[in-house]
Amino acid sequence: MITLKSKREIAIMRDACCIVAEVLAKLRQACRPGVLTRDLDRLAEEATTLHGAKPAFKGYRGFPKALCASINQQVVHGIPGEVELKDGDIVGLDFGVLHKGYFGDGAITVPIGKISQETEKLLRVTEECLYRGIDKMVPNNHLADLSRAIQTHAESNNFSLVKEFGGHGIGKNLHEDPMVLNYVVNGRGLKLREGLVLAVEPMVNMGTDRVQILSDGWTVVTLDGKPSAHFEHTVAVTSNGPEILTRLP
Ligand code: MG
């Protein structure tokens, strides 16, 4: 079931998403060689609690931590722990909060020290995919317009899109309908209307699009071990076009 959000609800979600953006900005600053992913997790949880909000992922279907931290060939859902960030790594940081009954969700992929040119390109193209998708979030466009924009940009740069995971509606629940695919299946999909709020999150791989889940039951990795990048915003469709909610004012 798809629920459209009122202006009042979007205002609350804007606050929730602002906390997400602030936490991700703090995490980006904290990312450097030698930092453990569990330290980033603690930082994220503490910053969220200061706002009186709750981390959304902790306990979600049994996920043990507040933050998802996915290094290099890890696509998404990496569990923070005793892993140290190293020069040349990339780390995907995915974070959500629950605030006044509504969720916000966002992700960035951060380079650690000096990364290779090809990995730099992967990060740039993945973030561009996100914004190209968001640009299509105007009333009367269809969901497939967004998916196509993401897919075309990634594939024209010889990267591949993860098919098993995608974006989602968001609101009173972390994951709501519709599924937001990062590739085109068939048909035009749902017609976008004012009040629709979506978490858009392309996951782009340097090599194969094939992924598998590690024995921890969570961590998604590329089958060929090549790096993967992930960027996400929570975005509202408004009469003035897309409004990115996971953004600092
Ligand atoms: Mg999400």
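The sulfur of C31 lies 14 Å from the closest cysteine sulfur, that of C68, so the two are too far apart for a bond. A disulfide needs the sulfur atoms within 2.5 Å. C31 is buried, at a relative accessible area of 10%. The model is predicted.

The whole structure was searched, and zero disulfides turned up. C18 is likewise in no disulfide; the nearest cysteine sulfur belongs to C17, 8.7 Å away.

**Magnesium site**

Four residues supply the protein donors of the magnesium ion: D105, H168, E201 and E232. They lie 2.2 to 2.3 Å from the ion. Their spacing along the sequence is D-x62-H-x32-E-x30-E.

| Donor residue | Donor atom |
|---|---|
| D105 | OD |
| H168 | NE2 |
| E201 | OE |
| E232 | OE |

H168 and E232 link distant parts of the chain, 64 residues apart. H168 sits in strand β7, residues 167-169. E232 is in the loop between β13 (228-230) and β14 (233-238). Both H168 and E232 are buried.

Which strand is joined to β11 by three bridges? That strand is β12, residues 220-222, and the two run antiparallel. Within this pair, V211 stands opposite T222 of β12.

Key. Residues numbered from 1 in each chain as written. Predicted model: local features only at pLDDT ≥ 70, side-chain atom pairs only at ≥ 80, totals over all residues. Heavy atoms only, no water. Buried < 20%, exposed > 50% of the residue type's maximum accessible area, 1.4 Å probe, protein only. Pairing = 2+ DSSP bridges. Helix = DSSP H or I, 4+ residues; strand = E, 2+ residues; numbered from the N terminus. Donors = N, O, S within 2.8 Å, 3.2 Å for Na, K, Ca; no water.
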